[in-house]
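Subject: Structure for you to look at

Hello,

Please find the structure below, followed by notes on what was found in it. Keep the model open while you read.

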Amino acid sequence: MRQTEIRRIPVSYPPFAVSEISRMPLRPLANLRILLGVCGGIAAYKAAELTRRLRDAGADVKVVLTANAARFVTPLTFQALSGHPVRAGLWDEAAEAAMGHIELARWAQRILIAPASANTIARLAHGVADDLLTTLCLASDAPLAIAPAMNLRMWAHPATQANVQTLRGRGVVILGPGDGPMAEPESGPGRLLEPHQIVAELVALHGPKLLSSLRVLVSAGPTCEDIDPVRFIGNRSSGRMGFAIAQAAVAQGAEVHLVAGPVHLATPAGVERIDVRSAREMRAAVMQQIPQCDIFISAAAVGDYRPAEIAAHKLKKSGKALILELSENPDIVAEVAALKKRPFVAGFAAETESVESHARAKLERKKLDLIAANRVGGGAGFDAADNELTLLWPGGKEHLHRADKLTLAHGLLERIVALRAKPAKVRRR
Ligand code: C5P
């Protein structure tokens, strides 16, 4: 009897079979009505970017400037950015007729003051209501968050510290301040947090929690493969994308472990960090965490090769070409994806050309559930603050438009949550 020849049809996902989605990244503050109070201080200019970022995150923003703020920045800037008229005083009859201050206080679901000056902090602490912003704070039930910004001595002054304590005791959330260079040639605590950090904190406080009770493992940064005690083979990954994913996952309610190669980044609050150096160390740390995790996101730029031997002493010049023998490193994400019992596995594909086709080939070869593809080089990707991602999964794709890495991280997590919710048969193992 002739044997029936069974021919395997190669699994591939031609473009026509792929459902395409293109959207702005997740809007974690969608429809939240935020009243943004801006106080006088050189950091007031950053409130303009903050307004834009809050709107990008989906919030409806109305801005109130204190009299001192209006000396640093103009209402017109904020009107254009917020899409609403800006209030800068209590006694503007036309504005009061359009929306009275009590109505405005009721409109607000959250009040955010950024930058918050020492003066306004003191007035809030003592219940003073001598201008529109402080009056609104007294007249509103909305939760209040303030991002202080002032000279380091003003911040450290016992009066300011006591006022901040009073506000904390009343449930006011204090965002920052950051520590670093100031407008004057001084450096220390008192700097306004960066606008993207303020948005991240608000998302953590008020955003939807997509990952409650889930455990997420993220790898980030480069790996360094030592050649001798002073030299190594590394790459240009800054680790910022992976750190942003870890931060976003915490904000979405997950328990997060972050395996980080050598990077110069602060650990996001609430993240358990494990520092490693080489690909093999990263593999060991990842494998130890995998049995406990629900989602693994491999954002690290793992070196594919390492020197076959690490020289015990610094290599000396010999006057001739030096040939280094390299051994291949383990492919961590592929190894995790090949496990019988495994979490949802997402990888990254940093490509310099044919981004999408290379990334989809990688998705299939490594048997991932999702791959986030981005173009690197020419100022994009690795070292840049902003990025742009194409998410690919078996049978689908989504383009996340250019945005800061934290916003993209939220978009990525939202897609992962949607894919995990699909019936198992649709997901390829
Ligand atoms: O093959 P390529 O290095 O481009 O694949 C990138 C993806 O694979 C990333 O998610 C990266 O973290 C992961 N990777 C890995 N181990 C390696 C190389 C890459 O986990 N040795």
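**Notes on the model**

Lys366 counts as buried, at 16% relative accessibility; buried means under 20% relative accessible area, exposed over 50%, and partly exposed in between (1.4 Å probe, protein chains only). The model is predicted, so local features need pLDDT of at least 70 and side-chain atom pairs count only at pLDDT 80 or more, while totals for chains, interfaces and linings use all residues. Residues are numbered from 1 along each chain as its sequence is written, and side-chain values use heavy atoms, with hydrogens and water left out.

**Salt bridges**

Lys366 forms a salt bridge with Asp331, with 2.7 Å between the closest N and O atoms. This pair links distant parts of the chain, 35 residues apart: Asp331 lies in the loop between β16 (326-328) and α13 (332-337), and Lys366 in the loop between α14 (355-365) and β18 (370-375). Asp331 is partly exposed, at 34% relative accessibility. A salt bridge here is a side-chain nitrogen of Lys or Arg within 4 Å of a carboxyl oxygen of Asp or Glu. By this rule the count is 16 salt bridges.

Another one joins Asp226 and Arg277, whose closest N and O atoms are 2.6 Å apart. Asp226 is in strand β10 (residues 225-226), and Arg277 is 51 residues away, in the loop between β13 (271-275) and α12 (279-289). Asp226 has a relative accessible area of 24% and is partly exposed; Arg277 is also partly exposed, at 30%. In the salt bridge of Asp228 with Arg231, the closest N and O atoms are 2.5 Å apart. Asp228 is buried at 2%, whereas Arg231 is partly exposed at 33%. Lys46, Arg191 and Glu194 are linked in a network of salt bridges.

**Helices, strands and sheets**

The protein chain has 15 helices and 20 strands. Helices (H or I, at least four residues) and strands (E, at least two) are DSSP runs, numbered from the N terminus. Two strands pair if DSSP finds at least two bridges between them.

An open sheet is formed by five strands, paired in parallel, in the order β3-β2-β4-β5-β6. Its edge strands, β3 (60-65) and β6 (173-174), each pair on one side only. Within this sheet, four bridges connect β4 (residues 110-116) and β5 (residues 144-148) in the parallel sense, and Ala116 has Pro148 in β5 as its bridge partner.

Strands β19 (residues 386-393) and β20 (residues 396-404) run antiparallel and are joined by seven bridges. Trp393 has Gly396 in β20 as its bridge partner. This hairpin has two residues between the strands, and Gly395 takes a positive phi near 90°.

**Cysteines**

How many disulfides does a search of the whole structure find? The search finds zero, a disulfide being a pair of cysteine sulfur atoms within 2.5 Å. The sulfur of Cys39 has its closest cysteine sulfur in Cys137, 8.8 Å away, which is too far for a bond. Both residues are buried: Cys39 at 1% relative accessibility and Cys137 at 15%.

**The chain as a whole**

Of the 429 residues of the protein chain, 50% count as buried. Among contacts (heavy atoms within 4.5 Å) between residues at least 6 apart in sequence, 69% join residues at least 24 apart.

Regards
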